[in-house]
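Dear colleague,

I am passing on the structure we spoke about, and below it you will find notes on what turned up. Please look through the structure first and then read on.

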Amino acid sequence: MISCDPRDRGSRFLLKYPILLVEVLSPGTEDYDLGTKLKGYLQLPSLQHFVLLRQDRVEAMHYHRETAGWVLEIFDKLDQVLI
């Protein structure tokens, strides 16, 4: 998790205004992570990028905020680059 917001300075364990979140999916929590948790994260006003990484195969899901809303890009090839 990364925050550029000065209100998060000094907080070691909790960031309230993240700009980037990266999460590794696990088989036991995948349904929750892709459902309730994803929905909650995408409602954070400060969030600009949310990346979900699979640990069992080559796949990264990159949600990024644009003017019209959230856009999802899926990276599932070894030669693709997520910037």
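**Pro 18 and the sheet**

Pro 18 is found in the segment that comes before S1, in what is a predicted model. With a relative accessibility of 3%, Pro 18 counts as buried, because buried means under 20%. Neighbours within four places in sequence left aside, Pro 18 is in contact with Met 1, Ile 2, Ser 3, Asp 8, Leu 44, Ser 46 and Leu 47. Leu 47 in turn touches, among residues beyond four places away in sequence, Pro 18, Ile 19, Leu 20, Leu 21, Tyr 41, Arg 65 and Trp 70.

The sheet itself is open and has 4 strands in the order S1-S2-S3-S4, with mixed pairing. Strand S1 (20–25) and strand S4 (69–75) each have a single partner strand and stand at the edges, so one side of each is left without a neighbour in the sheet. From one strand to the next, the twist averages 15°. S1 and strand S2 (residues 49–54) run parallel and are joined by 6 bridges, and Leu 25 stands opposite Arg 54 in S2. Helix H1 (residues 30–41) packs on the sheet, where it touches S1, S2 and strand S3 (60–66), and its direction makes about 170° with that of S1.

Lastly, the largest nonpolar core is made up of 9 residues, namely Leu 21, Leu 25, Leu 38, Leu 42, Leu 47, Phe 50, Leu 52, Met 61 and Tyr 63; at least two residues of this core come from each of S1, S2 and S3.

With best wishes

How values were computed
Residues numbered from 1 in each chain as written. Predicted model: local features only at pLDDT ≥ 70, side-chain atom pairs only at ≥ 80, totals over all residues. Heavy atoms only, no water. Pairing = 2+ DSSP bridges. Axes fitted to C-alpha atoms, helices over the stretch in contact; angles between N-to-C directions. Contact = heavy atoms within 4.5 Å. Core = buried A, V, L, I, M, F, W, Y, C linked by side-chain atoms within 4.5 Å. Buried < 20%, exposed > 50% of the residue type's maximum accessible area, 1.4 Å probe, protein only.
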